[in-house]
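User: Please take a close look at one part of the structure below. Describe that part and what surrounds it in one connected account.

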Amino acid sequence: EQQRSILLDSSSRFPIPSGVKFSYGTSGFRADASLLESTVFRVGILAALRSIHTRSVIGLMITASHNEVSDNGVKVADPSGGMLTQSWEPFADALANAPDSHALLKLLDDFVKEENIIFEGVPTVEVFLGRDTRPSGTSLVEAAKQGITSIMGAIATDMGVVTTPQLHWMVRSKNKGTEASEYSYFDQLLVSLRCLLDYIPQGNKSNDVSDKLIVDGADGVGGEKLEKLKTRLSYLKIDVRNRGDGVLNEGVGADYVQKEKLVPRGFGPVDTGIRCASLDGDADRLVYFSVLPNSNKIDLVDGDKILSLFALFLKEQLSILSGSEDGKANKSYQASLGVVQTAYANGASTDYLKQLGLEVVFTPTGVKYLHEKAAEYDVGIYFEANGHGTVLFSENILSWLEIKSNELASTSKDSEQHKAALRLLAVSKLINQAVGDALSGLLLVEAILKHMDWSIDKWSELYQDLPSRQLKVKVVDRTAVITANAETIVVRPTGIQDAIDVETAKYPQGRCFIRPSGTEDVVRVYAEASTQEAADSLAHSVVKLVD
Ligand code: 16G
Ligand code: ZN
């Protein structure tokens with residue numbers, strides 16, 4: 001009874017805006033910030049219930065990532081630090097759209113029964129709150145707090161302005177019983193980076209790889225955090241630009257750089273020859289680039305190439321470890337290594353990875369799908385071309401690596417095998433196990449380039465991207481488009497796929513697919529072919545089929 005009146009009272013302070021339909025998409029709820037208070041309040045309630053149900057800390061992040069500064073959004077992190085379980089998404093949708101307090105209460109009642117959420121005997125549970133640098137974040141955090149504390153037994157802990165991956169990391173860390181502060185996050189990154197640098201092969205005197213790096217912070221939270229991290233980093237000389245003086249994501253950031261293939265604001269021809277990287281607004285995406293001479297164009301090193309670099313390095317370390325000193329394969333453990341991409345992965349990257357002998361699998365767009373797939377391997381590497389990705393290590397391989405490295409420390413300390421085991425353990429700590437993380441990804445890239453003694457050009461030459469074009473078509477109802485086979489085939493409306501096939505067959509190395517966006521009211525078109533003109537023409541002709 002007391003619970004009911006608290007809920008009725010608090011929810012009446014957050015009426016929902018009329019005429020809007022909210023949907024918990026691939027990246028939570030997103031909308032113009034002015035529309036979101038009721039949604040965030042309700043997601044606060046959901047997070048508190050999830051926390052009670054799982055008896056664990058849950059995360060609630062307020063961000064709209066690479067979208068414009070006037071937008072905002074909210075998403076939930078599960079106990080492992082990963083995305084909210086998909087089975088709760090329909091409840092999130094229903095909750096956000098409940099017309100009034102009474103409908104809301106009814107929904108909550110039903111859901112608590114259906115999910116069998118038990119309140120008795122629960123100790124106080126905690127929801128971690130984070131937000132990016134958007135001005136609307138402060139009032140939305142307040143709405144979230146009200147939502148959380150309107151569930152008896154739940155408290156909110158405000159982590160302040162953090163990157164999305166930091167919040168996910170904190171949730172994971174806290175639930176594992178380890179410290180969950182920003183300081184300990186930085187500590188873990190720095191200690192594991194140090195370890196990788198300590199085991200750089202002798203003889204790499206870094207003739208090729210300079211320690212100079214320029215980073216575009218997208219005028220968001222990532223630049224700010226990197227500035228802090230940098231003060232504790234002796235190895236690299238990082239020049240952080242777009243640290244928050246300009247407008248968030250406007251002509252800057254990983255999304256802009258990857259889609260437009262142009263230098264972000266604040267960069268120009270003077271930067272030619274220097275390794276550059278770009279983060280997105282909440283620092284969960286990372287791309288590299290170099291500025292082409294005398295122009296504002298770039299040579300883009302996208303998520304696919306970051307994936308390729310990681311795959312190459314990890315494959316090498318695993319094979320050093322599994323070969324024994326006398327050349328016979330070590331039978332004690334055969335680690336599975338898998339690579340996960342989406343249909344947006346450049347065809348040349350997929351060919352390259354397969355030619356390395358790697359297992360490559362595809363999932364639909366959206367981190368939750370890639371992450372889930374990658375978790376099936378001992379070492380699962382996933383990346384979207386847009387720069388979101390990470391490397392997951394299974395519990396099995398981690399405990400095997402611990403045992404192996406201890407064993408080797410006593411039998412053959414400093415052998416190549418011993419070093420490989422230590423490197424792999426360091427990677428598992430450096431790279432965020434909860435979600436893609438631009439800051440930890442950046443440090444891993446830097447360590448591997450140093451290890452390989454590679455310049456960004458050498459890295460970029462691993463393979464040559466096929467020219468591609470992305471277009472979007474505004475549609476009345478994007479849900480009319482239904483795809484299959486990891487979004488590579490359209491099953492509905494019928495007939496479209498045949499027409500796409502006919503167009504695609506006209507172009508050498510042609511590949512094309514369409515999919516409904518998960519974040520906007522558009523259908524996206526992607527085309528790839530042997531020349532830029534061909535890719536453009538294929539994309540445009542398929543746009544006509546959709547229109
Ligand atoms: C979201 C997804 C991202 C995906 C993008 C596609 C998460 C955390 N983020 O930003 O992975 O690439 O949506 O957007 O899942 P679209 O559906 O509008 O093309
Ligand atoms: Zn992002």
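Analyst: By class, 1 nonpolar, 10 polar and 3 charged residues form the shell around ligand 1 (Ala, Val, Leu, Ile, Met, Phe, Trp, Tyr, Cys and Pro count as nonpolar, Asp, Glu, Lys and Arg as charged, the others, Gly among them, as polar). The model is predicted: local features need pLDDT of at least 70 and side-chain atom pairs pLDDT 80 or more, while totals for chains, interfaces and linings use all residues. Residues are numbered from 1 along each chain as its sequence is written, with chains lettered from A and ligands numbered from 1 in written order.

Ser 27, Val 367, Ser 517, Gly 518 and Thr 519 come nearest among the 14 residues around ligand 1 (C-beta, placed from the backbone, within 6 Å of the molecule).

The domain assignment, automatic or from a database, gives domain 1 (2–161), domain 2 (179–462) and domain 3 (468–546). The C-alpha centres of domains 1 and 2 are 32 Å apart. Their contact (C-beta atoms, placed from the backbone, within 7 Å) takes 16 residues from domain 1 and 19 residues from domain 2. On the domain 1 side, 3 of these residues are nonpolar, 10 polar and 3 charged.

Helix 7 covers residues 182–198 (a DSSP run of H or I, at least four residues, numbered from the N terminus). Tyr 185, Leu 189, Ser 192, Leu 193 and Leu 196 of helix 7 are buried (20 or more other C-beta atoms, placed from the backbone, within 10 Å of the residue's own; exposed means 12 or fewer). Helix 6 (164–175), helix 14 (416–430) and helix 15 (438–452) are among what covers these buried residues. Tyr 183, Val 191 and Asp 198 are exposed, on the face of helix 7 turned away from its buried side.

How values were computed:
Two residues are in contact if their C-beta atoms, placed from the backbone, lie within 7 Å. Helices (H or I, at least four residues) and strands (E, at least two) are DSSP runs, numbered from the N terminus. The expected span of a helix is 1.5 Å times one less than its number of residues.
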